Amino acid sequence: MLTGGGPDNATLTIGVYLYQNAFTYFDFGYASAIAYALTVLVGLLGLIQFRLLGEKP
């Protein structure tokens, strides 16, 4: 958040990218698609972690 993406978006994170699309460019459809994809990605990574550690989800 401090650098706003830095020079040429070098430090732009997915959260800041989502925020910019939603509230700077007012493209809420694209921002919600990013949020949905991020949710699915985090869910899959969590499931993989549970499987690797031998825990039951």
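Against which element do the buried residues of α1 pack? In this predicted model, the buried residues of α1 pack against α2. They are Val 16, Gln 20, Asn 21 and Ala 22.

The chain contains two helices and zero strands. Helix α1 spans residues 14-24, and helix α2 spans residues 28-53. Of the 57 residues in the chain, 12% count as buried. The accessible surface amounts to about 4700 Å², and carbon and sulfur atoms account for 68% of this area.

Two packed helices are described by the angle between their axes and the distance between the axes. For α1 and α2, the axes come within 7 Å and the crossing angle is roughly 155 degrees. Angles over 145 degrees count as roughly antiparallel, and the two helices are therefore roughly antiparallel to each other. The crossing in which α1 passes α2 is left-handed. On the α1 side, the contact is made by Ile 14, Tyr 17, Leu 18, Asn 21, Ala 22 and Phe 23. On the α2 side, the contributing residues are Phe 28, Tyr 30, Ala 31, Ile 34, Ala 35 and Leu 38. Sorted by class, this contact of α1 with α2 comprises eleven nonpolar residues, one polar residue and no charged residues. Asn 21 and Ala 22 of α1 take part in this contact, and both are among the buried residues of that helix.

Positive phi values occur at Asn 9 and at Phe 26. Asn 9, which is not a glycine, has a phi of about 60 degrees. The position of Asn 9 lies in the segment before α1. The relative accessibility of Asn 9 is 48%, so this residue counts as partly exposed. Phe 26, likewise a residue other than glycine, has a positive phi near 55 degrees. Phe 26 follows α1 and is found in the loop between α1 and α2. The relative accessibility of Phe 26 is 58%; the cut-off for exposed is over 50%, and Phe 26 therefore counts as exposed.

The loop between α1 and α2 holds Phe 26, and the segment before α1 holds Asn 9.

Note on methods
Residues are numbered from 1 along each chain as its sequence is written. This is a predicted model: local features need pLDDT of at least 70, side-chain atom pairs count only at pLDDT 80 or more; totals for chains, interfaces and linings use all residues. Side-chain values use heavy atoms; hydrogens and water are left out. Helices (H or I, at least four residues) and strands (E, at least two) are DSSP runs, numbered from the N terminus. Buried means under 20% relative accessible area, exposed over 50%, partly exposed in between (1.4 Å probe, protein chains only). Accessible areas come from the Shrake-Rupley method with a 1.4 Å probe; for residues, only the protein chains shown count as cover. Axes are lines fitted to C-alpha atoms, for helices over the stretch in contact, and angles run from 0 to 180 degrees between N-to-C directions. Angles under 35 degrees count as roughly parallel, over 145 as roughly antiparallel, 65 to 115 as roughly perpendicular and the rest as oblique. A crossing is left-handed if the near helix is turned anticlockwise from the far one by less than a right angle, and right-handed if clockwise. Contact means heavy atoms within 4.5 Å. Ala, Val, Leu, Ile, Met, Phe, Trp, Tyr, Cys and Pro count as nonpolar, Asp, Glu, Lys and Arg as charged, and the others, Gly among them, as polar.
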